[in-house]
Amino acid sequence: MITDLNVIVKEWAYRVHDGKPDPNNSAHIYHLSEILIEYKWPFEVIDEILQNLNEIAPTTLVTNPNPKGKKEKVQYQYARQWLDDNPGADVSDEYEDEVGDEKPEKKVKKKIKYGEQGKVIKDGEVTRDKTLRKVSSKTEKQVFSSDIEPDDNIFDERNQNYNVTKKKKKDISNPPPPYKLPSKLLKTVPKVPKKYLQMIERMVNTQRVNDFNPPISHFTDEKGAGRISAQAGEIMTLAVAGMTDDQVELFQESLNKHLDDPNRPKKQVIDKSWVEAAVNNRKAMYKRLKNEYPDINLPDDIVHSVWDTKTDVEAMGLSDYEKNKGFSSDMYLSINTPKGVMLDEVSLKKDRNVNFLNSGAGSFKEWDPDLPDNINQNVYVKKMRTRNEKFFKKNLSKINKLLTDKPISKSGQALRNLMDSKGITNLEDAIPITSRDTGNVVWTAVHALAGRPKTKFPDSPKNPSAITLMEQDTKEHNKFVSDSIDAIMTNKKMYNGMMEEIKAEFPLKAVSTTEESMAIGDMSMDKRTMKSVFGTDDYEKIKDGLVAIPPKPIVKDGEPVLDKNGEPKMSPPYMGYQAKVGDEVVPIAEIKTRQDGRGYGSGFKFEMKLDKRFAKKLKEANNKVYGE
C-alpha cells in the first residue's frame, strides 16, 4: 500500500490532461479513485475520501449520450454521483465534462436519486432544509446493517443485575424461552436498521420496572427520555414501516403468540396493545403516502426507516440534524419518489386516548412570573405539608398503635409495608416531610386512621379528625384545580404559555407546512385531513381561532346532573377551534389539572388529552380524504 501523498499527487497530475488535478472535476475524481485502488488502499477508506471531496464540490453538469446518439444534460448534486450511477463507465481525458453512459442490457434495480431539492421549511427566521444527500456506503452499512451495541453478553448481565434502587438489584429478564424474531424478518435489513429488530427482541425479553425504567440506554448505546413502552412503540412502528403486508402479519402473530404466555409478569415493556398501535400507525402512514406519491410502491420505495436520533437521521442523508430535524418527529422515512429521495417525518401517537400535553403546574410560573399564590404549586405544597405534619405529630401515639396492635390490622400492615419499601424504620423519621416518600408515609397514616371510608380498611378506628383532614385536602385540591383552569381562560400570559407548550405535542404548525404528519392510531393528521376538520390548512387562521372553553354544568333532559354532594356536575374544560364566521367550536383537547400523588405529592400535573369529539371528526376526515 503506497501512502506517500507526494507520489499520489504526482501520479494524479500525470493522468489528467493539463497536469492540474481538480477535485471538482468528475473525470479527475475517477482517476484519483483508480490510483488509490492500484496503490491497494482499502475500499472503505477510498469511499470516505471521495465522499469528503464530493461534499465540498459544487453541483456538476455532465452530458450523457442516449442510445440514439442524442445528448441530454443531467444535473447531479455531486461530481461523484454520476460515477456511482454508472459503474465501470469509460471516462477518458477528452470527457472531462462529457462522459459516456452505456445502455443497460437487462432490467436493473430502480436507481435511487439523491441530491434532488427536498422541502424547505421556513419558520420565522429559521429555515430548515429537508434535502437528503447520498452518504458513504461505509456509513450506511455501519448504521443500518451493524449489530446492536452493547453485545448480548453485556445486555444479559444488565438484565440480570438491574439497579432497581441504589441498594437493590433485581433480575428483570422475562422467563424463558426468550423471544426471537422470525428469520424471514431479517430480510428487511438494511431498510429497517438491524439494531432495532434486535432491540425489539431485548424489550420483549425484559420486564418493565415502572413507566420510565429500564431506560432506553439499558437496551442500546443510544440515549433518550420518555416512557419506555412508548419508545418501544416508536421502534416497532419504524420496523413495520419497512415491512411488506405478509411480513407485518408474521411480525404481529409471532409477537402476540409469545406475549400470550400466562407466565409472563404483568409489567411489560412491550404488550399486545403496543404491537397493535405500531401496525395501526403504519396504516395511517401508508394511506397518506400513497395519496401524496401515487407512483411509488410501498414498502419497496422506502429506502430507510429510522428513529429520531442524530446518528440515524444523518446517516439517512439529512445534514445538520439539530437545525433541520422536525419539531416533534418520532421517526423518519426516506422514500424513493419520481422527484428523488424525499424525507418524511412522523409524530406518533398510540391511539386516540392520548395526552397531547403532559406537563406540570410548575410551568405556570414560567408562563406568568407574577403568578398569584392560589395557583402556585409551591405555596400549595408548603401549606399541605405543614398541616399534614401538624396532624401527624398530634396523633403519633394513635398511629404507632396501628403498627403495634396484635394481630395487626389491614391498615396497620399497609402502613408498615409502605414504610419498609421506602426505607423508613420509625414513624418519627417521616417528619419533617422533605420528600415524596416521607409525605406518602404521613398521608397513608392519615388514611389509616380515617379508615379510608368506602375502601379496604373497614377495621380502622375512623378517627374523626383524620376524616376532616381528608375532606379539607379534597376541598383545597379542587379549588387549586378550578382556579388554575380559570387562570388559563382569563390570564393572557397563562393562555399563551399553554399554547406555546402544546405545540411540541400537537404540532399543528408543522403539519400545516407539511414538515411533519401525525399518526394517531390508524388515523393520519396531515395537511389534507387538517383542512377537512377545520375548513382550512392555514395555521395562522387556526391559531387565531383557538379558544379555551371553561367548564359548564352538565344537563340531561333539561335538568342539571348533580354529584353525590348535590352539586352540579361540570363538563371538563377544553381547547377548541372556532372559525371567525359561525358559533361552532371544534373541540381539540380536554384540559386537566391534578395533583401527582394526592395529599403528599410535590407538584400538580397539567394535561391535555385528545377530545373524543375531535377524534370522531378526525376519523370522518380520514374516511373522506383516504376512503374507509
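Over the ring of which residue does the charged end of R282 sit? In this model, which is a predicted one, the charged end of R282 is placed over the ring of Y286, at 4.2 Å from the ring's centre.

The chain has 628 residues, of which 48% count as buried, and its secondary structure comes to 23 helices and 18 strands. If we take the contacts between residues at least 6 apart in sequence, 65% of them join residues at least 24 apart. The accessible surface of the chain comes to about 32600 Å², and carbon and sulfur atoms account for 50% of that area.

Now to the rings themselves. Searching the whole structure gives ten aromatic pairs, and one of them is formed by F364 and F606, whose ring centres are 5.7 Å apart and whose planes meet at 75 degrees, so this pair is edge-to-face, the cut-off for that class being over 60 degrees. F364 belongs to helix 13, residues 363-367, while F606 belongs to strand 18, residues 604-610, and the pair therefore ties together parts that are 242 residues apart in sequence.

Finally, ring pairs link F364 and F606 with W367 into a cluster.

How values were computed
Residues numbered from 1 in each chain as written. Predicted model: local features only at pLDDT ≥ 70, side-chain atom pairs only at ≥ 80, totals over all residues. Heavy atoms only, no water. Phe/Tyr/Trp six-rings, centres within 6.5 Å; stacked < 30°, edge-to-face > 60°. Helix = DSSP H or I, 4+ residues; strand = E, 2+ residues; numbered from the N terminus. Lys NZ or Arg CZ within 6 Å of the ring centre and 35° of its normal. Buried < 20%, exposed > 50% of the residue type's maximum accessible area, 1.4 Å probe, protein only. Contact = heavy atoms within 4.5 Å. Areas by Shrake-Rupley, 256 points an atom, 1.4 Å probe, with all protein chains shown as cover.
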